[in-house]
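Good morning, colleagues. Please look at the sequence and the structure on the screen while I take you through some charged pairs and one surface patch.

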Amino acid sequence: MSEFRFPQEELVTERLRLRAVGVDDAEDVAAACGAASTREFLPFLPNPYTVADALDWITNQAMRAYDEGGAQWALTDRETGRFLGVIGLPIVHKGRGAAEIGYWTAPWERGRGHMSEALIAVTEWLFKQPFHRATLAIDPANIASQRVALAAGYRREGVQRGEIVLADGSFGDSIVFSRLSTDPAGRTPRALPDLPGGHLTDGVVLVRPIDERDIEATWAAWNTPDIMRATVSTRVPTRDEAAKYTRAAYAEWLAGTAARMAICDAGSGEHVGSIGVYFKSGPGTAMLGIHLDSAARGKGYATRATKLVTEWAFTEAKAERVEAGTATWNAGSQAIMERLGWTREGVMRALIPAADGGRDDVVMWAVVREAAGG
Ligand SMILES: CC(C)(COP(=O)(O)OP(=O)(O)OC[C@H]1O[C@@H](n2cnc3c(N)ncnc32)[C@H](O)[C@@H]1OP(=O)(O)O)[C@@H](O)C(=O)NCCC(=O)NCCS
């Protein structure tokens, strides 16, 4: 038990009052923590979660948080007193002046900016104590929580491997976000904006961020030999990896490193392929990768999707140069680049692993801002 104790204080923001959690909150806590959407990222919660569980947590943990060296608040509506959620400091490193913050919003109160507002208030309060560093440990698939982090001025630091316990008892990675007392105020700027209105379309194809709707299609694509052959992978990932990849795909978008999108038929919404833009090889340079599901080829989807996404990369993602590599054997992809007027810049020898265990040469194509009319 720690000797250090935080002062027990109410925090008032524009719309919220953060006050001590009390036994009167038990029914709201039970309803919120009993919801599958809360448990998804807090898998240690009892299942089912009863009012007795809530009372146990309130009396044995929340109300004793300060005695244990932590802190805990209920988020309530400042005007009506309505219960909205919980935020606290479950892990405190007093000697290092660092603390990890944890939170949840009642499912019926989400998406209204409550947690972003509360996190800003709690972080500011923490920096008035002898603390200079606040952290969050977030499941890569928990996009809402990563957005809360960015809205409260936290920056993504990196991935901690095997750091959280998942619902099936296995260990999963978490992304660390941190904010220091010396960081500038305000939301953390993002290098990659969201797609305007959530998608791009020309009326024939529709391109939208990859999410869990795309698990089966991603898995099927990874099991298509010519799709895998055109990638840098040396083995077919498992279905479990396909699920993790799709659910967490937007984390990289938020990080500004990759915009991974599903290509869909604009009429039916059916998934026909995938396209990604990767911002890893230097400022202003975007690398594009694309594949179409076997049954969707020869209908112009790839050319249309490449055009839409390239325009977005120049106009919204501020790329100066968009490049793509096509294996020398990949005549279909090269035809797309030629059709779109990209410049064939040369051949990079032995760039990607080949199916026979050797290496394949890759033709490099690029379009730069002036040529794109950007
Ligand atoms: C994560 C959580 C606390 C967010 O609470 P909230 O009160 O809805 O958060 P806000 O309203 O402040 O939303 C903040 C951002 O999340 C986005 N968001 C909200 N719900 C979302 C969802 N289901 N999917 C993607 N983004 C979402 C909002 O658009 C907003 O982003 P923006 O500022 O970039 O526009 C809530 O979803 C929750 O309790 N989830 C279950 C428990 C949990 O995951 N806790 C955190 C563990 S690390």
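D211 and R213 form a salt bridge through their side chains, with a nitrogen-to-oxygen distance of 2.6 Å. Please bear in mind that this is a predicted model. Of these two partners, D211 is partly exposed, at 24% relative accessible area, whereas R213 is exposed, at 61%. R213 counts as exposed because its value lies over the 50% cut-off.

Side chains of opposite charge can pair when their charged atoms come close. How many salt bridges does the count come to? The count is 24.

Let me turn to another pair, E157 and R133, whose closest N and O atoms are 2.8 Å apart in a salt bridge. This pair joins distant parts of the chain, since E157 belongs to strand β7, residues 155-165, and R133 to strand β6, residues 133-138, the two being 24 residues apart. Both partners are partly exposed: E157 has a relative accessible area of 45%, and R133 has 23%.

A further salt bridge connects E68 with R64, at 3.5 Å from N to O. Here E68 is partly exposed at 40%, and R64 is partly exposed at 36%.

Salt bridges also link D77, R82, E109 and R112 into a network.

Finally, the nonpolar surface. Which residues make a nonpolar patch of about 300 Å²? They are V23, V51, L55 and M63. V23 sits in the loop between β2 (16-19) and α1 (26-33).

Definitions and conventions:
Residues numbered from 1 in each chain as written. Predicted model: local features only at pLDDT ≥ 70, side-chain atom pairs only at ≥ 80, totals over all residues. Heavy atoms only, no water. Patch = residues over 30% accessible without salt bridge, like charges linked within 9 Å, V, L, I, M, F, W, Y side chains within 5 Å. Areas by Shrake-Rupley, 256 points an atom, 1.4 Å probe, with all protein chains shown as cover. Salt bridge = Lys/Arg side-chain N within 4 Å of Asp/Glu carboxyl O. Helix = DSSP H or I, 4+ residues; strand = E, 2+ residues; numbered from the N terminus. Buried < 20%, exposed > 50% of the residue type's maximum accessible area, 1.4 Å probe, protein only.
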